[in-house]
Amino acid sequence: MRVEVLGLQHDRASFDSGVEPLDRYFRTQAGQDARKNMAAPFVLVLPDSAIAGYYTLSSTAVNVGEWPAQTVRKLPRYPFIPATLLGRLAVDRRHQGNGYGRFLLADALFRAVSSEIASFAVIVDAKDENARRFYERESFLPFPEQPLKLFRPMADIAELFK
């Protein structure tokens with residue numbers, strides 16, 4: 001299996017994660033977002049060419065006032081802090097429970113930390129409590145006023161890949 005940049009050769013029509021907004025985005029919007037440089041979609045392709053899952057990365061900035069107080073103390077006094085947004089992550093229901101979600105997350109974190117573009121953290125907006133728990137198990141921290149918005153500092157991510 002391999003993770004690739006989404007391309008025309010990938011069949012998105014049969015993808016079904018069981019989460020309608022994620023499926024609709026992947027089938028109808030992901031290609032446009034890639035062409036317009038709004039997001040970079042990546043797909044997990046199995047040996048039979050089936051797509052087991054996908055995720056998107058893009059750049060973002062977070063108002064300095066949204067970060068936890070203990071994090072802000074360590075940051076420069078900029079109004080916005082640059083970050084990488086892991087906008088969507090989904091696994092086809094036929095392949096759920098096989099560790100592909102964690103595999104996709106690890107690939108996303110590796111790509112984010114390997115980028116030459118400055119980014120303080122990877123940000124996720126969990127769709128629900130199950131997603132929030134998934135990210136918290138992977139050492140993401142919640143924003144104080146937004147419990148479904150979580151982050152993991154790049155310095156922490158870099159330690160994973162040493």
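Me: Taking helices (H or I, at least four residues) and strands (E, at least two) as DSSP runs numbered from the N terminus, where does S49 lie?

Reply: S49 lies in the loop between β2 and β3. This is a predicted model, in which local features need pLDDT of at least 70, side-chain atom pairs count only at pLDDT 80 or more, and totals for chains, interfaces and linings use all residues. Residues are numbered from 1 along each chain as its sequence is written, and side-chain values use heavy atoms, with hydrogens and water left out.

Me: What is the average pLDDT of the chain?

Reply: The average is 96, and 100% of the residues score at least 70. pLDDT is the predictor's confidence in each residue, from 0 to 100.

Me: And where is confidence lowest, where highest?

Reply: Lowest is helix α2, residues 69–72, with a mean of 92. Highest is strand β2, residues 40–45, at 98.

Me: How many helices and strands in total?

Reply: Five helices and seven strands. Along the sequence they follow the pattern β-α-β-β-α-β-α-β-α-β-β-α.

Me: What about overall dimensions, say the span of the C-alpha trace?

Reply: About 50 × 30 × 30 Å along the principal axes.

Me: How much of the chain counts as buried?

Reply: 44% of the 162 residues. Buried means under 20% relative accessible area, exposed over 50%, and partly exposed in between, with a 1.4 Å probe and protein chains only.

Me: Back to S49. Buried or exposed?

Reply: S49 counts as exposed because its relative accessibility is 52%. Its phi is near 75 degrees, a positive value in a residue other than glycine.

Me: Which loop holds N37, then?

Reply: The loop between α1 (20–35) and β2. N37 is not a glycine either, and has a positive phi of about 55 degrees. At 69% relative accessibility, N37 counts as exposed.

Me: Switching to T56. Where is it, and why does it count as buried?

Reply: T56 is in strand β3, residues 51–63. It counts as buried because its relative accessibility is 3%.

Me: What does T56 touch?

Reply: Leaving out residues up to four places away in sequence, T56 touches Y25, A39, A40, P41, L85, L86, G87 and R88. Contact means heavy atoms within 4.5 Å.

Me: What does F103 touch?

Reply: M1, V3 and L44, not counting residues up to four places away in sequence. F103 and V3 are 100 residues apart along the chain, with 9.5 Å between their C-alpha atoms.

Me: What share of the contacts in the chain comes from residues 24 or more positions apart?

Reply: 64% of the contacts with a separation of 6 or more.

Me: How many positive and negative side chains?

Reply: 21 positive and 19 negative, and the centres of the two sets lie 2 Å apart. Lys and Arg count as positive, Asp and Glu as negative, with His and the chain ends not counted. The place of a charge is NZ of Lys, CZ of Arg, CG of Asp or CD of Glu.
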